[in-house]
Amino acid sequence: MTAIAFGHTSGFFDRRTPNSGHTAAARVDRVLISAFEHYKRPITLDPKERAYCTLKETYDTHHQADWDGYGALPITEEACFEAQRFLHLLPDDVVLPAISADPRGAISFEWYKGQDWVFTLVTKGAGVVVYAGLMGKDNRSFGTQRFSDSIPKIILQNIRRVLP
């Protein structure tokens, strides 16, 4: 795969003169600078960086009460930090999960292989993860585990059982 990253240009923004205080000109300057900064960033991110971005977007769009219109609890900063720590601790050989908001104010991670093969884990920021998995017909695993400095073995075992 090829990625393109735009470096610093020949100084277009460095040579610009002040906009003399015109509101419209200042707005155009901000938009152009924002666009330029956007295109300086690499097009591709590593998988964990994409997961962190998804986590941040999930938090940003779900940290208000009633975000779903049905009384959902807001995702707390603690839940987001715990989810970030969980992602950070996932071994590199583990496929990263789908990330979503849970209406109980938590972050949900899901690994899905197909019908009857799914594992879901929820973090709420209380140092405990809640999990449930279906690993084939009539083969289930569920429970709660303390979570702080490492991912509990039972969680990693269940994730690996579902991975393709």
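I counted two strands as paired if DSSP finds at least two bridges between them.

I note that this is a predicted model, in which local features need pLDDT of at least 70 and side-chain atom pairs count only at pLDDT 80 or more, while totals for chains, interfaces and linings use all residues. Residues are numbered from 1 along each chain as its sequence is written, and side-chain values use heavy atoms, with hydrogens and water left out.

**Entry: the sheet.** I traced an open sheet of five strands, in the order E1-E2-E3-E4-E5, with antiparallel pairing. Strand E1 (98–102) and strand E5 (140–146) are at the edges with a single partner strand each, so one side of each has no neighbour in the sheet. From one strand to the next, I read an average twist of 20°. For the angles, axes are lines fitted to C-alpha atoms, for helices over the stretch in contact, and angles run from 0 to 180 degrees between N-to-C directions.

Entry: Contact here means heavy atoms within 4.5 Å.

**Entry: Thr123.** Is Thr123 buried or exposed? I find Thr123 in strand E3, and Thr123 is buried, at a relative accessible area of 0%. The classes are buried under 20% relative accessible area, exposed over 50%, and partly exposed in between (1.4 Å probe, protein chains only). Leaving aside neighbours within four places in sequence, I list among the contacts of Thr123 Ala79, Glu82, Ala83 and Val129.

**Entry: the core.** Which residues touch the most other members of the largest nonpolar core? I get Phe86 and Trp111, in a core of 28 residues. Helix H3 (47–62), H4, E1, E2, E3, E4 and helix H5 (153–162) each supply at least two residues of this core. H4 gives the most, with five residues. A nonpolar core is a set of buried Ala, Val, Leu, Ile, Met, Phe, Trp, Tyr and Cys residues joined through side-chain atoms within 4.5 Å. Beyond its neighbours within four places in sequence, Phe86 is in contact with Phe109, Trp111, Leu121, Phe147, Ile151, Ile155 and Ile159.

Entry: I see E4 and E5 pair antiparallel over seven bridges, and Val129 has Gln145 in E5 as its bridge partner. E4 and E5 form a hairpin with four residues between them, and Gly136 in the turn has a positive phi of about 95°. Asp138 lies in the loop between E4 and E5 and is exposed at 62% relative accessibility. Asp138 is not a glycine, yet has a positive phi of about 60°. Asp116, in the loop between E2 and E3, is partly exposed at 30%. Asp116 also is not a glycine and has a positive phi of about 70°. I noted Asp138 and Asp116 as 22 residues apart in sequence and 8.5 Å apart in space, C-alpha to C-alpha.
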